[in-house]
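Please open the model in a viewer and keep the selection tool at hand.

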Amino acid sequence: MRVYLNNIFEKRDEAAELVGCDRVLWMHRETDIVITISVVEKSPLPIFRSLSELEGELESGLCRKLDYDPYQKFMVSDEVLTAKEIWVRDQAWDCIKDIVELEPRIYNPKERYELIKEAVKEKGKGKKFFYKYLRYYWTGGKSENALLPRFRKCGAKGKRKNPTSKMGRPRKTRDENEEYSGVIVTEGIRKIFDASITKFYNNRRRNSVKFAYIRMLGESFNIEIREEAGVEIPIIPPDHLLPSLAQFRYHLRTKGNRKKTLIKREGEVNFDRDLRPLLGSETRRATGPGQIFQTDSTIADVYLRSEDDPNDIIGRPVVYMVSDVFSHIVPGFYIGLEGPSWQGNAMAIENTAANKVSFCAEYGITIEENEWPCHHMPQIFFADRGEMESKQADSLGKSLGIKIKNAPPYRADLKGIIEQKFRTLNLTLQPWMPGAVKKEYQKRGGPDYVLDAKLTLRDFTRMFIQMVIYHNNYHYMEHYPLDKALAIDQVRPIPRDIWEWGVAHDHFLKEVPIDIVRLNVLPEEKAKASRQGIYFKRMYYGCEELTEQGWFIKGKSIETMIAFDRRCMDHVYVKTDKGRGFIKCPLLEKSSRYRGLSLEEIKEIQHQEDIRHGLYMSTERQAEVTLHAKLSAIEQTAVVRTEQDVDHSIPKTQQKANIRANRKTVRDKLRKDQYFELGEKQASDEQPIVDMNGEQTGSRSRTQSKLSFLANINKEAN
């Protein structure tokens with residue numbers, strides 16, 4: 001049997017007990033050497049062995065090759081890793097990456113000692129650090145992810161903690177007072193939780209979690225008992241001195257056994273029929289235009305005034321620009337007030353795919369299609385480690401098949417085309433821009449360029465459009481490196497000429513509908529659909545199309561990926577066809593109070609509401625405890641009265657036999673007692689009441705029923 005790198009072989013004794021399990025790190029067939037390392041020992045080191053001897057053991061069955069790799073669990077994408085895990089892995093890899101490549105020297109103990117000794121001096125880490133991560137790297141299959149921290153071995157998993165400070169998210173009421181942070185769930189509180197869950201939740205009455213929580217507060221956390229109208233009312237402390245409902249839910253969710261809970265609440269028969277597990281299942285640099293687009297942003301060296309009120313100076317705009325590496329043409333840009341961020345960069349990407357005739361017409365500029373023939377997406381977007389290093393950029397790549405590449409830190413020279421274009425356009429426009437930032441203006445006593453501002457954002461954008469049109473159609477690039485094919489065809493080094501030649505010969509451009517581009521530059525998150533609609537950021541959305549597809553039927557919960565524009569949350573967009581389609585969902589009427597607001601405005605409103613609600617929580621909790629006490633008192637009174645007044649000698653069948661007649665009798669009595677008489681009551685309505693001896697004992701109103709009259713006579717007679 002052949003031996004390959006990274007194979008894992010295990011050896012067992014006659015009792016099938018594991019004796020050893022080694023991974024192949026390196027081998028050389030000519031010298032009959034194979035180097036292995038144990039994956040089960042605590043502190044293993046590489047071992048030199050005979051390759052032929054290992055193959056012989058495989059042939060004889062003394063050891064066998066594992067069909068699986070126990071370290072495959074580390075082979076995951078960065079999306080599922082935490083920032084801490086990625087940081088630890090990258091730090092470790094930076095320290096060992098140079099020495100692990102020195103095979104087979106690194107496996108020789110003496111040479112390994114010298115290599116680690118030099119690395120310790122260079123990196124400033126201890127010797128134990130290097131041995132630890134070398135073992136991780138070798139035993140984990142010589143991959144970077146094998147250096148991930150073993151956090152799963154930390155924290156005493158399965159053991160209860162007794163913290164000295166409150167764990168989890170602090171309460172929002174803490175914004176008002178630091179003392180309102182909440183309480184620590186101690187072992188004593190856990191015991192109260194367990195007892196209350198058993199008493200109020202795990203029973204066939206199927207009480208809600210909140211019901212059990214309120215009953216627990218009344219019974220176990222009261223500070224006194226106050227009597228009101230004959231009812232004992234438990235008085236509880238303020239809400240910040242009580243465990244929260246969320247803490248109670250967390251304890252129930254994490255410490256309880258869901259199966260046992262369901263059996264106690266639903267019954268074993270119902271559990272086996274409706275709730276038992278159903279595990280069965282019924283049923284992946286540039287040779288033509290568009291290969292690489294460089295993108296970057298900069299703050300323009302000019303101060304602008306507000307278009308609405310010229311008295312207001314709004315500062316310096318931010319310019320986002322895209323440039324084709326092959327032709328140096330500018331396929332798109334955006335000028336706004338968004339600080340260097342994904343939002344502004346997304347606008348530049350959207351403009352790259354937009355029709356430029358229509359775009360220029362919005363600013364009163366008329367051009368022909370061939371003057372700015374760019375409305376495409378590239379194969380690769382190349383940027384610095386800024387706006388394009390985000391989840392939104394990843395969505396753009398996955399959905400539209402565009403690769404996102406980022407330059408290393410502090411390497412603006414790798415994007416020299418776009419950087420130089422910023423400089424050229426700025427120097428060209430500066431003489432025509434009142435309010436432009438100039439070095440000589442910073443001298444003492446010099447003019448104030450801020451107050452020289454005359455242009456609005458629209459004026460500056462119109463200037464920039466004219467500059468881009470000139471650059472694309474007439475700028476002669478003296479130092480453009482024409483290749484042989486371009487020289488043979490006598491193509492002038494003008495961006496548009498090079499672009500058109502490239503499109504006719506070999507290009508990488510993609511035509512994508514503008515709405516799909518917009519969809520995939522918007523931020524995205526997961527949301528859930530239920531009967532109430534699509535719930536996102538505590539708002540509800542929906543549409544007829546999804547209703548017809550059955551998204552909002554009771555019992556059906558769908559988790560979906562949606563895109564949204566945080567500048568206005570009136571709509572969300574359900575992504576379909578892997579981001580190449582969408583369904584538009586408007587804000588439902590029950591969430592209409594958020595219409596026309598940005599996400600930041602909505603969050604602020606919700607935050608203030610949460611604070612107000614949190615401050616009111618003590619009143620509400622007390623009222624709920626009071627209500628529970630009063631309802632319980634009524635219930636107990638009814639139970640005692642029934643036990644005293646009901647004749648238990650009457651058979652059950654007889655008690656149930658006359659329900660309809662009894663109902664009619666009581667209904668007739670209620671009708672006579674509860675009828676409406678409009679206007680003031682007349683004296684004639686009062687009729688005298690005569691006792692058995694013929695003496696008048698009072699009067700009765702006409703509203704009194706005959707049954708009541710006879711009952712009074714019988715009572716007096718007795």
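A charge sits over a ring if NZ of Lys or CZ of Arg is within 6 Å of the ring centre and within 35 degrees of the ring normal. Please keep in mind that this is a predicted model.

**First stop: charges over rings**

Select arginine 265 and tyrosine 201. The charged end of arginine 265 is placed over the ring of tyrosine 201, at 3.9 Å from the ring centre. Next, select lysine 590 together with tyrosine 540. Here lysine 590 lies over the face of tyrosine 540, and 4.5 Å separates it from the ring centre.

**Second stop: a tilted pair of rings**

How many aromatic pairs does a search of the whole structure find? The search finds 19 of them. To view one, select tyrosine 213 and phenylalanine 248. Their ring centres are 5.9 Å apart and their planes meet at 45 degrees, so the pair is tilted. Tyrosine 213 belongs to helix H6 (residues 209-220) and phenylalanine 248 to helix H7 (residues 245-255), so the pair ties together parts that are 35 residues apart in sequence. Are these two residues buried or exposed? Tyrosine 213 and phenylalanine 248 are both buried.

Now select phenylalanine 333 and tryptophan 372. These two residues form a stacked aromatic pair, with 6.3 Å from centre to centre and 5 degrees between the planes. The pair links distant parts of the chain, 39 residues apart: phenylalanine 333 is in strand E12 (residues 332-336), while tryptophan 372 is in the loop between helix H11 (356-361) and strand E13 (380-383).

Why does phenylalanine 333 count as buried? Its relative accessibility is 2%, and buried means under 20%. Tryptophan 372 has a relative accessibility of 1% and therefore also counts as buried.

Select strand E13 and display its side chains. Ile380 and Phe382 point one way, whereas Phe381 and Ala383 point the other way, and all are buried.

Isoleucine 292 has isoleucine 380 of E13 as its bridge partner.

Methods
Residues are numbered from 1 along each chain as its sequence is written. This is a predicted model: local features need pLDDT of at least 70, side-chain atom pairs count only at pLDDT 80 or more; totals for chains, interfaces and linings use all residues. Side-chain values use heavy atoms; hydrogens and water are left out. Rings of Phe, Tyr and Trp (its six-membered ring) pair if their centres lie within 6.5 Å; planes under 30 degrees apart count as stacked, over 60 as edge-to-face and the rest as tilted. Helices (H or I, at least four residues) and strands (E, at least two) are DSSP runs, numbered from the N terminus. Buried means under 20% relative accessible area, exposed over 50%, partly exposed in between (1.4 Å probe, protein chains only). Two strands pair if DSSP finds at least two bridges between them.
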